[in-house]
Amino acid sequence: MNIKSSIIIPTFNEEMTIIKILKKINEVFNNSGEYEIIIVDDCSTDNTASILNQNKDLFDNIIINKKNIGKGGCIKRALEIAKHDYIFFQDADDEYDPEDFKKFFDVINKFKPDLIIGSRFNYSNYTRSHYFLNKLGNNIISNLFNILNNTTFTDIYSCYVVFKKDLINPRDLKTFGFEQQAEILSKIVRYGKKFYEVPINYNGRTYEEGKKIKFYDIFPVIFQIIKCRLI
């Protein structure tokens with residue numbers, strides 16, 4: 001199957017890893033079919049923008065935000081110009097290994113799914129031990145999501161989420177922060193039918209190394225899960 005993929009990479013101050021990630025993405029997707037790489041630079045204050053400007057051969061489109069609008073805002077802007085059938089999310093850090101996307105290709109070829117989530121908890125070869133409160137928060141929101149949507153996901157806040165583009169209209173997205181993933185997943189499971197989960201590897205960063213999401217970010221996520229399902 002010739003998979004047509006749009007890979008969205010929101011980035012903020014990732015000068016140390018962005019080129020490494022772009023090279024890996026191109027290597028992995030090179031034999032998968034048609035693909036495009038869309039970067040959204042969320043008003044980085046380091047050398048990220050300059051580095052990207054010097055390596056335009058590694059991506060297809062770039063959106064540069066004049067002010068910081070959050071990860072969800074970046075994704076919404078990228079979805080507005082994405083042109084292929086399947087949307088792939090990739091962070092600009094080095095916590096996730098693009099090699100794992102080959103497992104997603106297999107699922108797409110076999111089942112033509114509406115949604116695939118990569119699980120860091122049913123991990124493939126390794127996972128780096130990370131913050132207990134972050135893992136607890138992820139368990140809480142994953143279980144809440146499953147109860148309200150009759151699903152069985154183990155890791156709804158994995159970065160590695162792949163879905164059919166036609167299930168999401170970016171103009172309908174109302175959120176701009178980390179909670180947007182809950183909004184997107186809620187809409188997909190409402191309108192889609194075939195959902196899968198695959199094991200992935202995870203090399204999570206510490207806060208000193210640049211990790212951004214905090215435990216308290218679960219509260220707007222919880223609100224969004226409940227809002228999308230019940231209101």
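In which sense do strand 4 and strand 6 pair, and over how many bridges? The two strands pair in the antiparallel sense, over three bridges. This is a predicted model, in which local features need pLDDT of at least 70 and side-chain atom pairs count only at pLDDT 80 or more, while totals for chains, interfaces and linings use all residues. Residues are numbered from 1 along each chain as its sequence is written, and side-chain values use heavy atoms, with hydrogens and water left out.

**Strand pairing**

- Helices (H or I, at least four residues) and strands (E, at least two) are DSSP runs numbered from the N terminus, and two strands pair if DSSP finds at least two bridges between them.
- Within the pairing of strand 4 with strand 6, phenylalanine 88 has valine 162 of strand 6 as its bridge partner.
- Strand 5 is also joined to strand 6 by three bridges, and these two run antiparallel.
- Leucine 115 has its bridge partner, phenylalanine 163, in strand 6.

- Helix 3 spans residues 71-81, and its buried residues (under 20% relative accessible area; exposed is over 50%, partly exposed in between; 1.4 Å probe, protein chains only) are Gly72, Gly73, Cys74, Ile75, Lys76, Ala78 and Leu79.
- These buried residues pack, with contact meaning heavy atoms within 4.5 Å, against strand 1 (5-11), strand 2 (35-41), strand 3 (61-64), strand 4 (86-89), strand 6 (161-164) and helix 6 (180-191).

**Cysteines**

- The whole structure holds zero disulfides, a disulfide being a pair of cysteine sulfur atoms within 2.5 Å.
- Cysteine 43 is in no disulfide, and the nearest cysteine sulfur, that of cysteine 74, is 10 Å away.
- Cysteine 74 is buried at a relative accessible area of 1%, whereas cysteine 43 is partly exposed at 27%.

**Salt bridges**

- The count comes to nine salt bridges, each a side-chain nitrogen of Lys or Arg within 4 Å of a carboxyl oxygen of Asp or Glu.
- Aspartate 94 and lysine 24 meet through their side chains in a salt bridge of 3.7 Å, N to O.
- That pair links distant parts of the chain, 70 residues apart: aspartate 94 is in the loop between strand 4 and helix 4 (101-111), and lysine 24 is in helix 1 (residues 18-29).
- Lysine 24 is partly exposed, with a relative accessible area of 25%.
- Aspartate 155 forms a salt bridge with arginine 120, with the closest N and O atoms 2.8 Å apart.
- This second pair also links distant parts of the chain, 35 residues apart, with aspartate 155 in the loop between helix 5 and strand 6 and arginine 120 in the loop between strand 5 and helix 5.
- Aspartate 155 counts as buried at 0% relative accessibility, and arginine 120 counts as buried at 8%.
- Lysine 187 and glutamate 183 form a salt bridge of 4.0 Å, N to O; both lie in helix 6, four residues apart, about one turn of the helix.
- Glutamate 183 is buried, with a relative accessible area of 2%.

- Serine 119 lies in strand 5 (residues 115-119) and is buried at a relative accessible area of 0%.
- Not counting residues up to four places away in sequence, serine 119 touches Thr154, Asp155, Glu197, Val198, Pro199 and Ile200.
- Threonine 17 is in the loop between strand 1 and helix 1 and is buried, with a relative accessible area of 14%.
- Leaving aside neighbours within four places in sequence, threonine 17 is in contact with Ala92, Asp93 and Asp94.
- Threonine 17 and asparagine 201 are 184 residues apart in sequence and 17 Å apart in space, C-alpha to C-alpha.

**Surface patch**

- Phe132, Leu133, Leu136 and Ile140 form a nonpolar patch on the surface, with about 380 Å² of accessible area together.
- Patches are made of residues with over 30% relative accessible area and no salt bridge, joining like charges within 9 Å and nonpolar side chains (Val, Leu, Ile, Met, Phe, Trp, Tyr) within 5 Å.
- Accessible areas come from the Shrake-Rupley method with a 1.4 Å probe, and for residues only the protein chains shown count as cover.
- Isoleucine 140 is in helix 5 (residues 132-149) and is partly exposed, with a relative accessible area of 36%.
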